[in-house]
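Please open the model in your viewer and keep the sequence beside it, so that each selection on this tour can be followed in both places.

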Amino acid sequence: MIEVNTAGEVWVFAEQHAGMLEDTPMELMSKGRELADILKVPLAAVMLGDTCQEMVDCLAHYGADKVYLAEHPLLEHYQSTSYAKVIHDLIHKHKPQIVLYGATPCGRDLAPRVASAVKAGLTADCTDLQIGNHEVAKTGKVYENLLFQIRPAFGGNIIATIINFDRWPQMATVREGVMPMPEPDTHRKAKVVKEKVSLSQEDLALEILREQRQERKVNLKASRIIVAGGAGVGSRENFKQIWDLAHCLGGAPGATRAAVDLGFIDRDHQVGQTGTTVRPSLYIAAGISGAIQHQAGMSESQKIIAINNDPDAPIFNIAHYKILGDLNEVVPMMIKAIKEKA
Amino acid sequence: MSYKCVVLVKQVPDTKRITGQAMNADGTVNRAALPAIFNPEDLNALELALQIKDRFGGHVTVMTMGLPAASEVLRQALYRGADEAILITDRRCAASDTLATSYILSCAVRKRDYDIVLCGRQAIDGDTAQVGPQAAEKLGIAQITYVQELLDLEGDRITARRNIGNGWQEVRAKLPILLTVIDEANEPRVASARRLMKYKKARTPAELADKADAKALEEKGLLIQQWDLDFLEADLKWCGRDGSPTKVHRIQSVVLTAKETKNVEPTQPALNAMVHELIVDHTIG
Ligand SMILES: Cc1cc2nc3c(=O)[nH]c(=O)nc-3n(C[C@H](O)[C@H](O)[C@H](O)COP(=O)(O)OP(=O)(O)OC[C@H]3O[C@@H](n4cnc5c(N)ncnc54)[C@H](O)[C@@H]3O)c2cc1C
Ligand SMILES: Nc1ncnc2c1ncn2[C@@H]1O[C@H](COP(=O)(O)O)[C@@H](O)[C@H]1O
């Protein structure tokens, strides 16, 4: 662990594979920017890889003040042991106060390994991060400007706020897709800090034999909010409303099989028995009747909002919020309501 | 070559069946009102260990850290084919976060010879998926997370296919190693009737009222081992509350009973109010 260091930077692990940055570092950068500004410290991205120079600009555009760059041929492919070793050393050297990772399979493989080596705390799968104060009930001692690591627990039935006041850095993995992507500013520049890496073949525990990554169009499972449209949406063009509503909620668009079969959206988005099973915090069903095969994939959602113009639509039986009306009127009004609150 | 496997299993509340009554008025979880189950993916980890034993020979030890009631998952493991079961229980383990838990478990694993340590990917109470990788680090061994298929074991080399979210990866590594196993890996076997008959009377000392009973059980091979932190020679600085860097600042309940439907008029003010409600209860925003 490192000492409490209130002048420490806010770090974001810049996950990349084969020279392609993932989306999560960019998403984390918007939150990281906010936290760093409140704390009045720099926001830094930490990137490991073989040759990464080209991705540095991108990190700057998305908000990084600084990029720590650890380049080494042995870092070409992600591996828990080698990456954790390098990040552990960087944490000891620069003493950041906050380190954020995407809760991707890679981030969830790496972050606990780092946390264990540094002997620091780690909160998994956060859906929100804030800065706040904590008072220890017994002693009345107040710790100021801590990272509030907010996450659902117990299958999403409670929201816990976790803190870490003495053994730093404060570390968290953040669920994919919950933080909005910032708008890139192509004029921004970041200071690049090249780090010397000393690794040997022994630091690589795995031999990677084969790998296949599909371009993922949508990750419904990881989405906390899903806005799904059905046959009632009417056309592919009109489905744009669904995308818009999903977008302004930081969620993902879903669909029924009927909507997919009608060509409104790609099959990757299908929810249900023969599609993806999802359990988001919020599921908005627009123009969906609620056939049992569709319900099979979404009835476990924590909250369901159904918009339908048929009072007898079965979807209403499982909805927490029932909106009887025309989706073409309701969806734009919802977008307006959300934009004005934000 | 045969392989010695240690499987880390956890008893968890069945979070899929949380209802209103399972939450206390103050928003905390009323664990007593929830059925306790074998963490689902730990059954996949156990199954993989049993398959390794079936194919190559070896020995399967199951360990859990928890209250005496957690002995139930150890019995369940014995019914399915585990050779040995160990309960790690100690008051001083209370309030351990994942870092302290993995430290304590690593001390326990070190007490046994092992080639492969197996964990579930994640426990459904916290869904953290941290204890496995942290235990691997504490043991100073490598990890293969998200194992979806064991491809080969030959000498001291293991080859496995792991799920990397948007695809898969095949990796080879040297033993000893820690694996975290996902539900796609296999279909866990059910309890064998013969073993159930044999082990249903197995107990940990903590579950027995009388020391004399322990002796009698031990003679029948039905006494489940129980270790405390002294036996583990664990450094108390890294255990329990003191060993846990993360603390809870606040817990809020988000339960809305499923059948409670609100009618919302399709008007702007009504939709604004609904959005406001969703922001207040952390569903959005
Ligand atoms: C073996 C099998 C597997 C299946 N697997 C799946 C699956 O995985 N996923 C899946 O989704 N389906 C699946 N289905 C299909 C399923 O049975 C339904 O046919 C499908 O879910 C219906 O989709 P829908 O609700 O979009 O369409 P519909 O049932 O046609 O419903 C459209 C709804 O939109 C409403 N509506 C129309 N216009 C408006 C408007 N302007 N404003 C508001 N509401 C409006 C209507 O009142 C109606 O309720 C499967 C079927 C089978 C047999
Ligand atoms: N108290 C415990 N006792 C034994 N194994 C555990 C315990 N807690 C976690 N594990 C193991 O670590 C895995 C991941 O747990 P978690 O990090 O809590 O999601 C579980 O699937 C178990 O295999």
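**First stop: a helix in chain A**

Select helix 2 of chain A, residues 53-61, where Met55(A), Val56(A), Leu59(A), Ala60(A) and His61(A) are buried, buried meaning under 20% relative accessible area, with exposed meaning over 50% and partly exposed in between (1.4 Å probe, protein chains only). Helices (H or I, at least four residues) and strands (E, at least two) are DSSP runs, numbered from the N terminus. This is a predicted model, in which local features need pLDDT of at least 70 and side-chain atom pairs count only at pLDDT 80 or more, while totals for chains, interfaces and linings use all residues. Residues are numbered from 1 along each chain as its sequence is written, chains are lettered from A and ligands numbered from 1 in the order in which they are written, and side-chain values use heavy atoms, with hydrogens and water left out.

Now show what surrounds the helix: its buried residues pack against several elements of chain A, including helix 1 (24-39), strand 4 (43-49) and strand 5 (66-71), where contact means heavy atoms within 4.5 Å. After helix 2 of chain A comes Gly63(A), whose phi is positive, near 125 degrees.

**Second stop: a strand in chain B**

Move to strand 1 of chain B, residues 3-8, which is mostly covered, with five of its six residues buried. Two strands pair if DSSP finds at least two bridges between them, and strand 1 of chain B runs parallel to strand 4 (residues 58-65) of chain B, joined by six bridges. Strand 1 of chain B also pairs in the parallel sense with strand 6 (residues 116-120) of chain B, over four bridges. Select Val7(B), and look for its bridge partners, Val62(B) in strand 4 of chain B and Leu118(B) in strand 6 of chain B.

**Third stop: where the chains meet**

How many residues of chain B are in contact with chain A? There are 84, and they touch 73 residues of chain A. Next, select Arg210(A) and Glu170(B), whose side chains meet in a salt bridge (3.0 Å, N to O), defined as a side-chain nitrogen of Lys or Arg within 4 Å of a carboxyl oxygen of Asp or Glu. The rule finds four salt bridges across this interface.

Finally, select strand 10 (residues 158-163) of chain A together with strand 12 of chain B, which pair in the antiparallel sense over six bridges, and find Thr161(A), whose bridge partner in strand 12 of chain B is Arg250(B).
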